[in-house]
Amino acid sequence: MFFTCEKSILQEAINVVQKASSSKTTYPILEGILINVKEDKVYFTATDLDIGIETYINANVIKKGSIVLNSKLFGEFIRMLPNDVVSIELVDNNYVKITCQKSEFTLIGNNPDEFPKLPTINENSLYEISQDLLRTMIKQTIFAIATDETRPILTGVLFEVKENNLSFVALDGYRLSLKKVELEDAGNISAVIPGKTLNEISKIIEPSEEKVKITFTPNHILFNLGNTKVISRLLDGEFVNYRQIIPQEYKTKLKAKKSELLDSIERASLLAREGKTNLLKFNIEDEKLIVTSDSQFGKVHEEVSVEVEGNGLKIAFNAKYFLEVLRIIDSEDIYLEFTTNVSPCVVKKADGDDYIYLVLPVRLIES
């Protein structure tokens, strides 16, 4: 095995696949990157057995071959090299010599035959969306997945295609986030993708109109980004019937400027997070929303001008759950819909129906 290429190209490929290499494992080969040198391309692969990433670069190939190198050491050394052509050569006894200008580094590799093979997936059944749209869908849902493992299915995002609508749905028992987009001639499917997988995908994809091709098997999902493929296990189990959770009616509805509401809640949350409950109180009256919070350090009172339809209401929320949605929703005007002070609040865009967020209130004890 012997090839040369530009350091920047090599480093980018390593950065991509490193996202799948395992740092905590009893199986040392999983801490490595498989390098497979073919005719005019070099393939890099890493996996932790739940997620696998493969990418390739064009290179000057002098001799074909393969080896597994420790991901952390290999990546760090390449990162520290000068910006020039890097030469990587497999010499005797699995030793790999890496040279660039006056730097030389020898790393002991592992037998590539011991590296686990990624699942083979037939890419006949495809869903295609732009990288930019996929990134938006991940960003607007992934923050609402569960972080504890008591209900593993909720640590993922539901990928659901129904009647040519693709929906991403995440919920953790306290809030729900739903983003949907139309697809043409798309077959129905329902699968739950691990949050970790989508988090890594979002770091790889670009804000571009280039298409991502998505393929499913009963147990795996494949994202094809051209030079890079990401394969992940799907989560087992039945996802929550989220449609039953979303209220269809409301008694109070208000329209607010997102930026004004966000600024007020951010200021109020400075004190709220000092308290044990991170509590924000909303008081809807006349044409204003009063946001208050308090802790042992003091009190905050904020007033936001809003358009109100329906009854006045006093209700309380965890500040974190409101801040997170206001930071990602892509509309300047938003609707907040309420039924009672113990029922979920629904947050929607005023200029479209492609995004819905639902958050449960905190029950207040009346004094």
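Lysine 349 is buried, because its relative accessibility is 9% and the cut-off for buried is under 20%. Its partner is aspartate 354. The two form a salt bridge, and their closest N and O atoms are 2.9 Å apart. Aspartate 354 counts as buried too, with a relative accessibility of 19%. All of this comes from a predicted model.

Now step along to aspartate 353. This residue sits in the loop between strand S25 (345-349) and strand S26 (355-359). Is aspartate 353 buried or exposed? Its relative accessibility is 59%, so aspartate 353 counts as exposed. Aspartate 353 also belongs to a negative surface patch.

Step back and take in the whole chain. The chain has 367 residues, and 49% of them are buried. Its secondary structure comes to six helices and 26 strands. Along the principal axes, the C-alpha atoms fill a box of roughly 80 × 50 × 35 Å. The domain assignment gives domain 1 (2-114), domain 2 (127-240) and domain 3 (252-359). How far apart are the centres of domain 1 and domain 3? Taken over C-alpha atoms, the separation is 50 Å.

Salt bridges come next. How many does a search of the whole structure find? The search finds 21. One of them joins lysine 229 to glutamate 123, with the closest N and O atoms 2.9 Å apart. Lysine 229 lies in strand S17 (residues 228-233), while glutamate 123 lies in the loop between S9 and S10. The pair therefore ties together parts that are 106 residues apart in sequence. Both partners fall in the middle class of accessibility. Lysine 229 is partly exposed at 28%, and glutamate 123 is partly exposed at 25%.

Glutamate 324 forms a salt bridge with lysine 320, and here the closest N and O atoms are 3.5 Å apart. Both residues lie in helix H6 (residues 319-328). They are four residues apart, which is about one turn of the helix. Lysine 320 counts as partly exposed, at 39% relative accessibility.

Return for a moment to the opening pair. Lysine 349 and aspartate 354 are joined by a salt bridge. Elsewhere, salt bridges that share partners join Asp172, Arg175, Lys320 and Glu324 into one network.

Lysine 117 is placed between strand S9 (103-108) and strand S10 (127-130). Why does lysine 117 count as exposed? Its relative accessibility is 78%, and the exposed class begins over 50%. Lysine 117 and valine 68 are 49 residues apart along the chain, and their C-alpha atoms are separated by 13 Å.

With a relative accessible area of 53%, isoleucine 108 is exposed. Together with Val91 and Tyr95, Ile108 makes a nonpolar surface patch of about 260 Å².

The last stop is asparagine 36, in strand S2 (residues 32-37). Its relative accessibility is 27%, so asparagine 36 counts as partly exposed. Asparagine 36 and serine 8 are 28 residues apart along the chain. Their C-alpha atoms are separated by 19 Å.

Conventions: Residues are numbered from 1 along each chain as its sequence is written. This is a predicted model: local features need pLDDT of at least 70, side-chain atom pairs count only at pLDDT 80 or more; totals for chains, interfaces and linings use all residues. Side-chain values use heavy atoms; hydrogens and water are left out. Patches are made of residues with over 30% relative accessible area and no salt bridge: like charges are joined within 9 Å, nonpolar side chains (Val, Leu, Ile, Met, Phe, Trp, Tyr) within 5 Å. Accessible areas come from the Shrake-Rupley method with a 1.4 Å probe; for residues, only the protein chains shown count as cover. A salt bridge is a side-chain nitrogen of Lys or Arg within 4 Å of a carboxyl oxygen of Asp or Glu. Lys and Arg count as positive and Asp and Glu as negative; His and the chain ends are not counted. The place of a charge is taken as NZ of Lys, CZ of Arg, CG of Asp or CD of Glu. Helices (H or I, at least four residues) and strands (E, at least two) are DSSP runs, numbered from the N terminus. Buried means under 20% relative accessible area, exposed over 50%, partly exposed in between (1.4 Å probe, protein chains only). Domain bounds come from an automatic or database domain assignment.
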